[in-house]
Amino acid sequence: MAPPPTPSRSSGLVTAALAFSGMVVSMMFTLMVPVIPDLPRLLSASAEDASWAITSTLLSSAVFTPVSGRLGDMYGKRRMMVISLALMVIGSAICVFTSALPLVVLGRTLQGCAVGVIPLGISIMRDLLPAGRLGSAMALMSATLGAGGAIGLPLGAVVAQYADWHMLFLVAAAMGATGLVLTLTVVPDSSLRAGGRFDFPGAAGLTAGLVCFLLPISKGGGWGWTSPLTLGLFAAAAVIFAVWAFVELRVANPLVDLRTTTRRQVLLTNLASIAFGFAMFGTQLVFPQVLQSPPASGYGLGLSLFEAGLCMAVGGGMMIVLSPVSARITGAYGPKVTLVLGALLAVAGYAGALAAMTEVWQVVLAATVVSAGAGLGYAAMPASIMSSVPVSETAAANGFNSLMRSIGTATASAVISTVLAAHTVQLGAATLPSRDGLHHALIISVAAGVAGMTISAFLPRRRPSRPGAGPERPPGRRGSTRGAPPSTTISTKS
């Protein structure tokens with residue numbers, strides 16, 4: 001039986017607790033940005049070795065997000081959310097007390113395991129909240145993905161400027177502990193379970209494939225994109241994913257239900273997620289570069305890291321403000337319209353930046369428009385996914401969608417960084433991206449936004465009765481765990 005919807009009086013508290021935890025996880029990633037250039041010195045390591053403090057988080061988040069989603073469907077979403085936040089707190093605590101590279105990498109790896117909190121939280125909302133509050137709650141939870149990152153940048157800059165860098169991890173540990181306590185005390189558990197056995201071979205195959213794919217994306221700039229190691233890992237990833245897919249299609253309870261992911265609605269939403277993740281990265285690299293570079297570069301506006309972070313935080317705030325707007329548009333016209341509108345705004349923001357970035361307000365306006373578009377798109381994706389998957393698979397499906405978005409972001413990081421590295425200017429002892437390099441990066445971001453808009457345009461235009469209502473149970477599959485029996489359909493009464 002499905003759990004009854006959470007009473008309206010407490011649904012606001014549940015939403016706030018889940019959104020806070022999502023914000024904490026997003027902030028955790030950008031808190032470290034101010035000290036990234038100094039990591040080799042802080043960790044007494046080479047630049048190549050110190051970069052593992054960043055790469056390890058990327059890899060663990062990519063691997064653990066779909067795994068935690070599947071485990072959440074099977075054993076309880078709140079339970080997996082608690083475990084994920086606990087791992088973040090432990091990882092942060094390890095980094096507070098050490099400067100040894102291996103321990104910092106271990107701590108950062110544990111921190112990355114918390115990324116699944118956002119898709120898990122969205123799935124919890126579907127299980128517990130009344131219909132009238134679900135759309136806006138899911139939109140708010142999705143918005144924390146970008147908003148938390150934007151807020152974490154100036155906060156990290158202040159901590160790094162006035163305190164020891166280890167305090168960044170103390171802040172992350174304290175926020176993670178707060179989210180953990182709120183989850184345990186405010187968020188009720190859901191009785192919905194998928195059943196079955198966990199697919200350990202599927203998890204191992206996905207882990208191997210993601211490591212072989214994401215590692216050269218992260219390290220290819222240093223290794224060389226045509227080096228045998230880079231090409232060999234990409235080839236290995238292709239082989240592993242092919243074998244993994246072959247096996248997943250033949251097991252009773254797969255880690256990822258590939259038949260579900262090939263449904264038109266789910267497939268196109270995941271592809272759009274890659275494009276949105278790619279397009280969003282320009283706001284995290286190009287705009288801060290323009291704001292912080294010295295005027296002598298020919299384009300820089302000479303702001304401090306803290307000032308630039310405050311400028312970028314405006315876009316993060318806009319994502320929160322627009323979350324109820326996204327929910328209303330999705331509820332009235334379906335996720336297709338919201339995704340197309342979001343991609344259109346991202347394209348408009350980048351196009352505006354190409355035309356004018358000579359004043360701080362112009363950069364802030366462009367970044368805010370792009371963030372608004374990303375916020376609309378991010379908020380619509382869970383509604384699009386959950387209207388097409390069984391109730392028993394929502395956490396796994398949302399986790400896989402988050403993985404697709406992360407792959408888009410990681411790919412954008414590699415592509416844009418390579419473009420900027422190929423177009424540089426020398427300013428004293430510093431090497432900075434040239435104006436042409438930044439323009440090329442913006443054009444690439446525009447292309448990613450156009451791709452997201454084009455993909456979204458092919459989504460079926462339909463108006464679900466409520467966000468995340470799930471698909472109709474397919475005929476001829478009575479008693480199957482792949483479809484949700486009528487008794488597990490969540491009530492639409494508030």
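Hi everyone, let's start with a pair of residues: Asp127 and Lys77 are both buried, where buried means under 20% relative accessible area, exposed means over 50%, and partly exposed lies in between, using a 1.4 Å probe and protein chains only. Before going on, a word on the source: this is a predicted model, where local features need pLDDT of at least 70, side-chain atom pairs count only at pLDDT 80 or more, and totals for chains, interfaces and linings use all residues. Residues are numbered from 1 along each chain as its sequence is written, and side-chain values use heavy atoms, with hydrogens and water left out.

Back to our pair. What joins the side chains of Asp127 and Lys77? They meet in a salt bridge, at 2.8 Å from N to O. By salt bridge I mean a side-chain nitrogen of Lys or Arg within 4 Å of a carboxyl oxygen of Asp or Glu. This pair links distant parts of the chain, with Asp127 in helix H7 (residues 117-128) and Lys77 in helix H5, 50 residues apart. Helices here are DSSP runs of H or I with at least four residues, strands are runs of E with at least two, and both are numbered from the N terminus. Asp73 joins in too, as Asp73, Lys77 and Asp127 are linked in a network of salt bridges.

How many salt bridges are there by this rule? The count comes to four. Another one brings together the side chains of Glu48 and Lys219, at 3.8 Å from N to O. Here Glu48 sits in helix H3 (residues 47-50) and Lys219 in helix H10 (residues 200-223), 171 residues apart. Glu48 is partly exposed, with a relative accessible area of 34%, whereas Lys219 is buried at 4%. Then there is Arg41 with Asp38, whose side chains meet at 3.9 Å, N to O. Arg41 counts as exposed because its relative accessibility is 59%, while Asp38 is partly exposed at 34%.

Now look at helix H5 itself. Its 20 residues should span 28 Å at 1.5 Å a residue, and its end C-alpha atoms are 29 Å apart, which agrees; the expected span is 1.5 Å times one less than the number of residues. Among the buried residues of H5 are Lys77, Met80, Ser84 and Val96.

Which helix packs with H5 (residues 77-96)? Helix H4 (residues 52-75) does, at an angle of about 145°, with the axes 7 Å apart. The axes are lines fitted to C-alpha atoms over the stretch in contact, and angles run from 0 to 180 degrees between N-to-C directions. Residues including Phe64, Leu71 and Asp73 in H4 meet residues including Lys77, Met80 and Leu87 in H5; contact means heavy atoms within 4.5 Å.

Finally, the cores. A nonpolar core is a set of buried Ala, Val, Leu, Ile, Met, Phe, Trp, Tyr and Cys residues joined through side-chain atoms within 4.5 Å. The largest has 64 residues, and Leu18 and Met125 have the most contacts inside it. Helix H1 (residues 8-30) gives the most to this core, with eight residues. Leaving aside neighbours within four places in sequence, Met125 is in contact with Thr15, Leu18, Leu134, Ala137, Met138 and Met141. A second, separate core of 32 residues includes Ala308, Cys311, Ile416 and Leu420. As background, in soluble globular proteins nonpolar side chains tend to be buried together.
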